[in-house]
Amino acid sequence: MTETIRQALQTALASRLTVSIRGSLLEMLERAPSKAEISAATTAARRIAEDGDAVLISLLPDQAGADAYVPAGRGARARASNYLTMDEKIIKDLPCRVRFATEKWDAVIDDGMQLTQQKIESDPRLLAFLPGWKAEPRAETRARLIAEAAGAK
């Protein structure tokens, strides 16, 4: 099932820059997905992201674009969902929302982190709300996490 969902997600990515995982699953199944099917779709999306074909990102429906899937139910517009995106603008605007991306996307994410850092530094309210927030390049973050994991063993 995961492979079928993966193919459906890749087909959807061929025609759109940002694809809702749950929305694509609904289109494919033509019914509400079960928890197991959502889990399989998330696994398939992660594999696509691991291949470097897209970035797995968590977005609110209005952040994902006009044709984004909006889940039904009370408060659904305020809930983030997982999306696969190749849209560099979304990645740069919301780099902290990236759930999984390969090194291929590091430069785009790092650009977004630097832009976020500049926004925080230029806005006194954000600076007060996020004291000490610093953009760390992904390569440095990865190296730090590996060193911490090695030290914990």
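Mentor: Buried means under 20% relative accessible area, exposed over 50%, and partly exposed in between, with a 1.4 Å probe and protein chains only. By that rule, buried residues make up 35% of the 153 residues in the protein. This is a predicted model, where local features need pLDDT of at least 70, side-chain atom pairs count only at pLDDT 80 or more, and totals for chains, interfaces and linings use all residues. Residues are numbered from 1 along each chain as its sequence is written, and side-chain values use heavy atoms, leaving out hydrogens and water.

Trainee: What makes Asp51 and Arg6 a salt bridge?

Mentor: A salt bridge is a side-chain nitrogen of Lys or Arg within 4 Å of a carboxyl oxygen of Asp or Glu. Here the N to O distance is 2.1 Å. Asp51 lies in the loop between helix 3 (35-50) and strand 2 (55-59) and Arg6 in helix 1 (residues 2-15), so the pair ties together parts 45 residues apart in sequence. Helices (H or I, at least four residues) and strands (E, at least two) are DSSP runs, numbered from the N terminus.

Trainee: What is Glu121 called, then?

Mentor: Partly exposed, because Glu121 has a relative accessible area of 46%.
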